[in-house]
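Biologist: I'd like to learn how to read a fold like this one. Could you walk me through the sheet, then a few residues?

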Amino acid sequence: MNYRHAYHAGNHADVLKHIVMMRAFAQLKKKDKPFLFLDAHAGIGLYALWGDEALKTLEWQDGVGRFYDPSGMPVPLSSDCEQLLASWRMAIAAVNASGQPLSHYPGSPGFALANLRPADRILLNELHPEDHGRLSDFAARDGRVKITEGEAASAIKAHLPPPERRGFVLIDPPYELEDEARRAVQMLRDGYRRFATGAFALWYPVTGDRLSEHIVAEAKALDLAKMLKIELCVREAVREGGLAGSGLILVNPPWPLADELAVLGPALRDRLKQNDGASWSLDWLTAPG
Ligand SMILES: C[S@@+](CC[C@H](N)C(=O)[O-])C[C@H]1O[C@@H](n2cnc3c(N)ncnc32)[C@H](O)[C@@H]1O
């Protein structure tokens, strides 16, 4: 297992994924009843943007770096969009010194810690022993959090359905192993079988080969109720051209997340675009219900 998220934290794909997550949390929080956030591939929770790994790629500069000026002040989108981004920006502000250049970017656990309520539960799973240790240092003291070290597929099987019967499950593998795409779609299937009323997000990369099309086709073939696909490319996807974009397959996206993403998507594409091949799409794979 070679993948370390520290090289990629805060890139365009993280920006999209975490904004979607924060909007899903906002909808779930409209009801008082607590819910579970299950992060099956959690990473370490918080990333140093000037750390050795991030400095090697500087991917964050074309991601979250496009939303802040060099002194750390937000560079706003339209006011409609900024309203929808407020909780994402608040979580970033919580791990950065005010009036200073950005120094840190939260991972999905960091965004959850900043945003969920005292009665919500946060279950974080990570396979890499060193990253699991760093995740524990970051989050274990929080009373809402439980951390497990192991296979994402086992965490999904062990913890769904949650007693709350409300929840958001993030499936966010690195796709570095040959059968990881198949296993990711299987996790979505297994999670849904146990918890058909839950909200799920399956992240996938767009890299100019057939991987993203394959994942989308396999997920669509599951024919689960209310499957929404969103995809944001920052440039044209060409073979061997690296990560041109990313997508999320959302199952049971809490209303009105799809409408919010229809507003945000084009603005994110314009902010993150690297050339004229940038694109945004939002499609229901199965009927919205
Ligand atoms: C894309 S990163 C996660 C990023 C994180 N969700 C975020 O948004 O901040 C994928 C993580 O999954 C871990 N991982 C890889 N294979 C795994 C598996 N089979 N089960 C659980 N975690 C795994 C990696 O060590 C890595 O930290």
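Modeller: Let's start with the sheet: 8 strands form an open, mixed sheet in the order S5-S4-S1-S6-S7-S9-S8-S10. Strands are DSSP runs of E with at least two residues, helices are runs of H or I with at least four, and both are numbered from the N terminus. Its edges are strand S5 (145–149) and strand S10 (279–284), each of which pairs on one side only. From one strand to the next, the twist averages 15°. Keep in mind that this is a predicted model, where local features need pLDDT of at least 70, side-chain atom pairs count only at pLDDT 80 or more, and totals for chains, interfaces and linings use all residues. Residues are numbered from 1 along each chain as its sequence is written, and side-chain values use heavy atoms, leaving out hydrogens and water.

Biologist: How should I read the pairing, and in which sense do strand S8 and S10 pair?

Modeller: Strands of a sheet pair through backbone hydrogen bonds, either parallel or antiparallel. To call two strands paired, DSSP has to find at least two bridges between them. Here, strand S8 (residues 227–233) pairs with S10 in the antiparallel sense, over 6 bridges. Leu228 stands opposite Trp284 in S10.

Biologist: Which strands does helix H7 lie across?

Modeller: Helix H7 (residues 180–194) lies across strand S6 (167–171), strand S7 (199–206), S8 and strand S9 (245–251), at about 175° to S7. Helix H8 (residues 211–222) lies across S7, S8 and S9, at about 155° to S7. The angles run from 0 to 180 degrees between N-to-C directions, with axes as lines fitted to C-alpha atoms, for helices over the stretch in contact. Contact means heavy atoms within 4.5 Å.

Biologist: Now single residues. Is Asp14 buried or exposed?

Modeller: Buried means under 20% relative accessible area, exposed over 50%, and partly exposed in between (1.4 Å probe, protein chains only). Asp14, in helix H1, is buried because its relative accessibility is 2%. Leaving aside neighbours within four places in sequence, Asp14 is in contact with His5, His8, Ala9 and Tyr105.

Biologist: And where is Lys29 found?

Modeller: Lys29 is in the loop between helix H1 (12–28) and strand S1 (36–39). With a relative accessible area of 26%, Lys29 is partly exposed. Not counting residues up to four places away in sequence, Lys29 touches Phe35, Asn115, Leu116 and Arg117. The C-alpha atoms of Lys29 and Arg117 are 8.2 Å apart, although 88 residues separate the two along the chain.
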